Amino acid sequence: ASNNKLAQCETEYEHYEKAEIEAREAVKYRKKTITKLQAQIITMDKEIQAKNLAIEQGQTSKPLLEDTLAQAQAAAKQAEESLLAAQARNDQATQNARAALDEARAKQLVPAQTNMSTAQVEVDAAKTKLDLAYKAREEIQRRASNLATKAEQAVKHRDTKASQIHETEAELARGRDRETKLDAQLKSAIAVEARARNEARQALSSAEGAKAIAQRREALNKTSGAVRAILDAAARKEVSGVRGRLGDLGTISSDLDVAVSTASDMLDHVVVDTTSDAQQCIEYLRVKGLGRASFIVLDQLNQWHAKIKERKVNAHSCLFDAIKPDSKDLVAAFYLAFRETLVAPDLEAAVKLANNDGGRGRNRVVSNQGQLIETTGAMTGGGGKPKSGKMRLHGSNASSFISEEVFTVAEQADSASSLQELDRRATTAGHEAEEAARRSSRLDADLRSLRMELEQIESRLPQLRAELEAATAAAMRLLAQADEAEAQANKAQHDTDITNHLEPEYKAAVKAFDNAKSQVAEAEAIIEKLRDQVLDAAGDELRIATNETDKTRAAEEVARSALADSVRVISAAKRALTKAQAAKTKAETELERLQRNEDETDFLEKVAAATLQAKKALDEANKQAHTDNQAREKAEVELSQLKQGTQELKTAEAELRHQAQDFARAVKENKTKLSHWNKEITKLQKLHQQQITAYRDVLTTYHEVESEERNDDADKNQEDVEMNEDPVAPGEDVCDLPELTCDELRTKDKEEVKYNLALLEGERDAARSDVNLKTIEEYRAKSEEYQQRLDELEAVTRDRNRARDRLEDLKRRRLDDFMLGFGVISLKLKEMYQMITLGGDAELELVDSLDPFSEGIVFSVRPPKKSWKHIANLSGGEKTLSSLALVFALHHYKPTCFYIMDEIDAALDFKNVSIIANYIKDRCQSAQFIIISLRNQMFELADRLVGIYKTHNVTKTITIAPDHFIKAISSPPVDQQPPSSGSDSSILRDTTNNV
């Protein structure tokens with residue numbers, strides 16, 4: 001039971017210790033998260049205040065800016081009206097100069113500006129390519145550096161794990177060596193302890209024997225002469241049926257010696273078997289003239305046996321229950337002597353027990369000091385020395401019949417020096433045995449502690465090896481990636497595409513732009529001179545009106561720009577405010593949730609208290625286990641002594657019962673029962689055969705398990721092995737009941753056999769209810785099932801790891817492919833948008849650069865001569881151009897052979913329609929386009945035109961080839977043309993009616 005409690009305490013301590021670590025980590029993480037959320041809330045509050053202030057300022061300044069814009073528009077309108085009036089009055093005078101000015105603008109300025117815009121687009125495209133190339137090279141070098149750092153850290157981590165495994169294995173080896181030494185020391189200490197205990201038992205037995213002889217001599221000296229004469233006559237076999245003096249036929253513990261001697265005056269009575277035996281003794285005393293003696297006749301005590309069976313166990317200590325009779329038939333004699341006399345440690349407790357009988361009367365109570373309280377209330381006691389020595393003590397094996405020769409031996413052995421020497425030897429041997437037991441206990445505790453440490457080390461080794469394997473794989477993978485990245489970085493560093501192509505291309509584009517810019521400047525200078533001539537021709541009136549108009553237009557543009565900036569600032573502030581409020585709300589919700597979980601701290605305190613309590617319970621269990629081991633060893637010593645005394649008593653009892661009268665009476669009675677018992681034996685043999693057949697397999701399994709346990713516990717001492725031996729060994733023939741000879745039957749006592757039989761039947765019934773014989777088979781089945789489940793778990797874990805590695809590889813490939821396509825599409829988008837808009841710019845940005853697939857992509861556009869805007873804030877035409885640029889960039893990366901477009905030019909002006917149409921016309925070489933359009937700039941460039949019309953409530957289609965149609969119009973009449981063959985003989989074909 002103590003071992004089970006110790007194992008339970010160890011399990012509880014490990015559970016609570018693990019729970020405490022987990023709870024501490026959870027509380028630590030929660031506190032860190034709370035601090036972070038509080039700081040985030042403060043930051044969001046500041047940002048919300050700033051955005052509210054910005055919105056308030058913007059909303060305050062917006063009406064002023066609107067008024068300023070209205071005033072500027074009114075002034076500009078008035079100035080334009082004045083300018084138109086001045087131009088009308090001076091139209092004749094400035095006609096020639098204005099014609100020259102218009103001609104210069106059309107022939108010089110417009111082409112120069114077109115060339116400059118084209119050159120600007122080429123410069124931006126070349127600059128973008130060059131920047132992307134530099135950025136790609138820097139990204140490759142940065143990735144190579146990061147991978148090299150990670151690989152170095154992984155190698156260090158792998159070396160650390162390898163060092164830990166080496167140190168752990170060395171520690172395990174040292175622990176095994178120490179375990180071997182401790183085991184050898186423990187075996188030696190156990191052997192020393194066994195020798196010391198044996199010597200202590202022998203010395204104690206010698207001392208107790210001497211004391212018992214002295215005690216018996218003193219008791220017999222106190223006994224009357226008649227009693228001594230009867231006992232001597234029984235020893236000389238002059239009288240028969242004498243059991244002995246009542247005080248010599250049972251034992252009591254030494255602390256109850258005074259109480260027993262005081263409580264009853266019948267301890268000096270002589271116990272005989274029958275009334276005739278008592279009469280024989282009385283006749284012997286009368287003939288010898290030795291006086292009087294009292295006798296207890298056993299066969300006259302049947303009524304006391306009935307009372308003993310009916311008696312209830314007293315809640316207090318009853319003196320009768322503390323007596324151990326030498327045989328079962330003496331129980332009634334001792335009950336006659338003591339009845340329900342209670343025993344108390346002192347007089348005060350005795351008085352309380354005497355008056356505490358639940359209202360049924362008073363109790364008879366005796367104290368350990370010799371005070372006796374009768375049921376009448378009378379109390380006896382006091383005097384110089386209390387009574388003692390009237391009953392044998394536990395461990396005494398003195399016989400009831402002691403002759404004069406025995407007294408002589410007792411006198412020789414009872415000298416003061418001999419008793420002191422025996423006591424000293426017993427005390428010394430006991431101290432040596434205790435010291436050896438303490439040393440064995442210390443060594444056993446050290447060995448158990450060391451084995452627990454070694455088990456922990458062994459349990460850590462697989463984990464460390466798995467971590468080393470994972471660290472090695474990670475290091476090898478990172479080293480390979482670092483080498484690959486280093487090779488890519490070296491290749492990118494020595495890449496000649498930048499120096500040989502991109503940089504010269506960019507310089508050439510810049511040079512072309514500078515030339516175009518100088519041409520525009522020259523054209524603008526000419527235009528300015530012609531404008532001055534127009535103004536000179538018109539006079540001061542037109543000059544003043546023109547200047548005033550320019551000033552008002554500039555003021556209007558400034559006011560409009562300021563108002564647009566204010567609106568944009570207010571819109572951005574509102575978006576930022578909404579985002580900040582959402583982030584604050586989310587942080588406050590999370591903070592409130594974490595703060596509500598304050599019971600985690602209480603839980604941690606409870607777990608810590610439970611851990612401490614479990615630790616205390618574990619220590620107490622260890623102490624209790626040590627105490628139980630000592631008590632068990634002491635009980636084994638006492639059991640050995642009791643066995644020895646019991647054997648001697650049985651021998652003496654057998655000698656008495658083998659008297660002639662017993663033989664004659666037993667023979668007479670057994671002859672009449674012989675046939676009956678032969679029949680009963682036959683029945684028992686059959687029943688025994690059935691039981692043995694039923695339990696043979698169970699006994700075989702039991703012996704196999706017991707053999708395995710004995711092999712595992714080789715250091716178990718021989719005494720324990722002998723006590724645990726089963727009387728039935730494997731293979732032994734247990735089917736036949738033993739048959740005893742007449743001599744063997746004479747040595748048996750019927751009452752003792754019945755008593756032992758009742759004990760064995762009780763043990764058998766208890767074993768049937770407590771022992772589950774199928775436990776071993778169930779354990780083996782569970783062990784096989786556990787191993788099978790363990791193998792399945794390992795297989796599933798390997799599959800999971802392979803799937804996880806596959807998933808990580810696919811994620812990495814997806815990211816690489818996406819980033820590669822994203823770079824190409826971004827570059828092509830910028831180029832396409834600049835080409836379409838003649839100077840604009842477009843950009844694709846990742847919302848989360850660390851995880852591109854979590855948030856998405858932002859599409860920003862900067863139309864020509866405008867600021868950057870999100871695509872949602874563009875006009876319809878600008879959205880169309882941006883979307884087409886993205887579509888063309890996507891199909892540049894993943895081209896297809898067939899496109900269908902539905903009125904993509906609906907929101908475009910004629911200039912942008914022409915640009916889109918010409919771009920699609922160029923792409924028709926590698927793909928086919930079907931475009932639904934209503935704009936002539938678009939469908940005039942088509943290779944085929946399909947018209948839809950309706951006649952007679954029927955929808956029809958007609959296909960036209962514009963090139964052939966033009967040729968047909970410009971060609972001679974039909975009757976002058978030679979006939980032609982082929983599928984193009986008809987320019988107009990009605991595909992609906994197959995005409």
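A residue counts as buried when its relative accessible area is under 20%, as exposed when that area is over 50%, and as partly exposed in between. Lys 921, at 33% relative accessibility, is therefore partly exposed. The model described here is predicted.

**Confidence**

The average pLDDT of the protein chain is 77, and 76% of the residues score at least 70. In residues 714-735 the pLDDT falls below 50, and this stretch has 25 contacts in the model beyond near neighbours in sequence. Residues 980-987 also have a pLDDT below 50, with 9 contacts beyond near neighbours in sequence.

**Salt bridges**

Side chains of opposite charge can pair when their charged atoms come close. In the whole structure, 37 salt bridges are found.

| Residues | Distance, N to O |
|---|---|
| Arg 142 and Glu 139 | 2.2 Å |
| Glu 843 and Lys 830 | 3.0 Å |
| Lys 921 and Asp 943 | 2.7 Å |

Arg 142 and Glu 139 both lie in helix α2, which covers residues 95-222. They are 3 residues apart, about one turn of the helix. Arg 142 has a relative accessibility of 44% and counts as partly exposed. Glu 139 is also partly exposed, at 39%.

Glu 843 is in strand β11 (residues 841-846) and Lys 830 is in helix α18, so the pair ties together parts that are 13 residues apart in sequence.

Asp 943 has a relative accessible area of 40%, which makes it partly exposed, and Lys 921 is partly exposed at 33%.

Some salt bridges share partners. Through such bridges, Arg 176, Glu 179, Arg 451 and Glu 458 are joined into one network.

**Aromatic rings**

The structure contains 6 aromatic pairs. One of them is formed by Phe 818 and Phe 853, whose ring centres lie 5.1 Å apart. The angle between the two planes is 55 degrees, and the pair is tilted.

Where in the chain are Phe 818 and Phe 853? Phe 818 is in helix α18 (residues 775-837) and Phe 853 is in helix α19 (residues 852-855). The two residues are 35 residues apart, and their pair links distant parts of the chain. Phe 818 is partly exposed, with a relative accessible area of 25%, and Phe 853 is partly exposed at 35%.

Phe 853 also has a charged group over its ring. The charged end of Arg 814 sits there, 3.7 Å from the ring centre.

Ring pairs also form a cluster in this structure, made up of Trp 304, Phe 320 and Tyr 335.

Terms used
Residues are numbered from 1 along each chain as its sequence is written. This is a predicted model: local features need pLDDT of at least 70, side-chain atom pairs count only at pLDDT 80 or more; totals for chains, interfaces and linings use all residues. Side-chain values use heavy atoms; hydrogens and water are left out. Rings of Phe, Tyr and Trp (its six-membered ring) pair if their centres lie within 6.5 Å; planes under 30 degrees apart count as stacked, over 60 as edge-to-face and the rest as tilted. Helices (H or I, at least four residues) and strands (E, at least two) are DSSP runs, numbered from the N terminus. Buried means under 20% relative accessible area, exposed over 50%, partly exposed in between (1.4 Å probe, protein chains only). A charge sits over a ring if NZ of Lys or CZ of Arg is within 6 Å of the ring centre and within 35 degrees of the ring normal. A salt bridge is a side-chain nitrogen of Lys or Arg within 4 Å of a carboxyl oxygen of Asp or Glu. pLDDT is the predictor's confidence in each residue, from 0 to 100. Contact means heavy atoms within 4.5 Å.
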